[in-house]
Amino acid sequence: MVTLLQLFVAALVLVFIAFLMLIAYLYLTTEPKPYTKINESEKYFKDPNKDGSKVAFASIRDKPTKNLSVIVPSYNEEERLPIMLDQSLEFLESRLKKNSSLTYEIIIVDDGSKDKTSEIGLEYSKQYGTDKVRVLTFEKNRGKGGAVRIGMFSSRGEYVMFADADGATEFPDLENLEKAMKEINTKEHKMAIVCGSRAHLQNEAVAKRSIFRTILMYGFHFLVWFFCVKGIKDTQCGFKLFTREAALRTFYNLHIDRWAFDVELLYIAQRLRIPIAEVAVNWTEIDGSKMTPVWSWLQMGRDLIFIRLHYVFGIWKIDKTIKSE
């Protein structure tokens, strides 16, 4: 007669075998190095003021020639993008008039959109000039993480940030991130990251969500803390500021191209001992999100577990030798 102890041992053996099969699957199906290839057409932007002639993007390995680069990942954003650009350009132009050293560029990364996102971006390039607004158009969709990564690689700023195309975060809050950046960017290696945060709005968000979505939210936050990133309350806010060196070292090590890329990015930063600060921002939920709440959170939860397993078992490794030339 089979005892409970025997059943328990058999169950443990099956779990162990399943775990070994999962690790074997990860080794066999995972590319160990990040996909950092830039397609030929993605190395250039169009200048609408010169009959659409192509001009080569800069490289993040070059010396910076602007104070700030703003990367705007965009997928089918023809409706929301103009509102975000109007607010950010009004702010950036206003402070440039007051202080000529606060030069900037905005790089709109069209992540394989099926609408007129690129055309909208080019209208701003025509109005403000390509020294200030550039459009990087992908041949096919890579995901938000992939769009931010290639935008970063094409930037000219001493400081580089990414901001969501929906304009959910009030762009003038950038000054609060810059203030925090000055406080933590004190080491010789010039590496620091400041994350915009909606954590102070969590109670209000819980009040508006269903019980099921609230459970999913807390479950995701627990997985982030347990598997990957500790000490950061809001890893997913699309409003983050980097020093140029921090952006170079983190994004060249980044593997995840979809929604969970922020978590891996901060995991890499903590492993590299890059100082990270978190600053509260004014945020408003904007209609038109590309995320499907339940399904996207489940996908991100899966990615969090996979991120941890890939690094723990040495499938993915952080290259600490990467640095600007």
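In what order do the 7 strands of the open sheet stand? In this predicted model, the order is β5-β4-β3-β6-β8-β7-β9, and the pairing is mixed.

**Figure 1. The open sheet and its edges.** The view shows the 7 strands that form the sheet, in the order β5-β4-β3-β6-β8-β7-β9. The edge positions are taken by β5 (133-137) and β9 (276-280); each has a single partner strand, so one side of each is left without a neighbour in the sheet. From one strand to the next, the twist averages 20°. Strands of a sheet pair through backbone hydrogen bonds, either parallel or antiparallel.

**Figure 2. Strand β6 and its two partners.** Strand β6 (157-163) has 5 of its 7 residues buried, so it is largely enclosed by the rest of the structure. On one side, β3 and β6 run parallel and are joined by 5 bridges. The bridge partner of V70 in β6 is M161. The pairing of β6 with β8 is antiparallel, again over 5 bridges. Here V160 stands opposite F242 in β8.

**Figure 3. The contact between α2 and α5.** Two packed helices are described by the angle between their axes and the distance between the axes. For α2 and α5, the angle is about 60° and the axes are 12 Å apart. The two helices are therefore oblique to each other. The residues that meet are F91, L92 and R95 in α2 and L174, E175 and E178 in α5. Sorted by class, this contact of α2 with α5 has 3 nonpolar, no polar and 3 charged residues.

Figure 4. Is K182 buried or exposed? K182, which has its place in helix α5, is exposed, with a relative accessible area of 70%. The C-alpha atoms of K182 and T321 are separated by 25 Å, while the two residues are 139 residues apart along the chain. N185 lies in the loop between α5 (174-184) and β7 (193-197). At 14% relative accessibility, N185 counts as buried. Not counting residues up to four places away in sequence, N185 touches Y159, K190, M191, A192 and T243.

**Figure 5. The covered helix α8.** How many of the 8 residues of helix α8 are buried? Helix α8 (residues 244-251) is mostly covered, with 8 of its 8 residues buried. These residues are R244, E245, A246, A247, L248, R249, T250 and F251. The elements that cover them include α4 (144-153), β6, β7, β8 and α9.

**Figure 6. A247 and its surroundings.** A247 is found in helix α8 and counts as buried, at 0% relative accessibility. Leaving aside neighbours within four places in sequence, A247 is in contact with I60, M152, F242 and Y252. A247 and I193 are 54 residues apart along the chain, and their C-alpha atoms are separated by 8.4 Å.

**Figure 7. The nonpolar cores.** Which residues of the largest nonpolar core touch the most other members? Of its 52 residues, these are M152, F162, C228, V229, F242 and F251. Helix α9 (residues 261-271) gives the most to this core, with 7 residues. Apart from this core lies another, of 33 residues, among them L89, L177, F239 and A277.

Note on methods. Residues are numbered from 1 along each chain as its sequence is written. This is a predicted model: local features need pLDDT of at least 70, side-chain atom pairs count only at pLDDT 80 or more; totals for chains, interfaces and linings use all residues. Side-chain values use heavy atoms; hydrogens and water are left out. Helices (H or I, at least four residues) and strands (E, at least two) are DSSP runs, numbered from the N terminus. Buried means under 20% relative accessible area, exposed over 50%, partly exposed in between (1.4 Å probe, protein chains only). Contact means heavy atoms within 4.5 Å. A nonpolar core is a set of buried Ala, Val, Leu, Ile, Met, Phe, Trp, Tyr and Cys residues joined through side-chain atoms within 4.5 Å. Two strands pair if DSSP finds at least two bridges between them. Axes are lines fitted to C-alpha atoms, for helices over the stretch in contact, and angles run from 0 to 180 degrees between N-to-C directions. Angles under 35 degrees count as roughly parallel, over 145 as roughly antiparallel, 65 to 115 as roughly perpendicular and the rest as oblique. Ala, Val, Leu, Ile, Met, Phe, Trp, Tyr, Cys and Pro count as nonpolar, Asp, Glu, Lys and Arg as charged, and the others, Gly among them, as polar.
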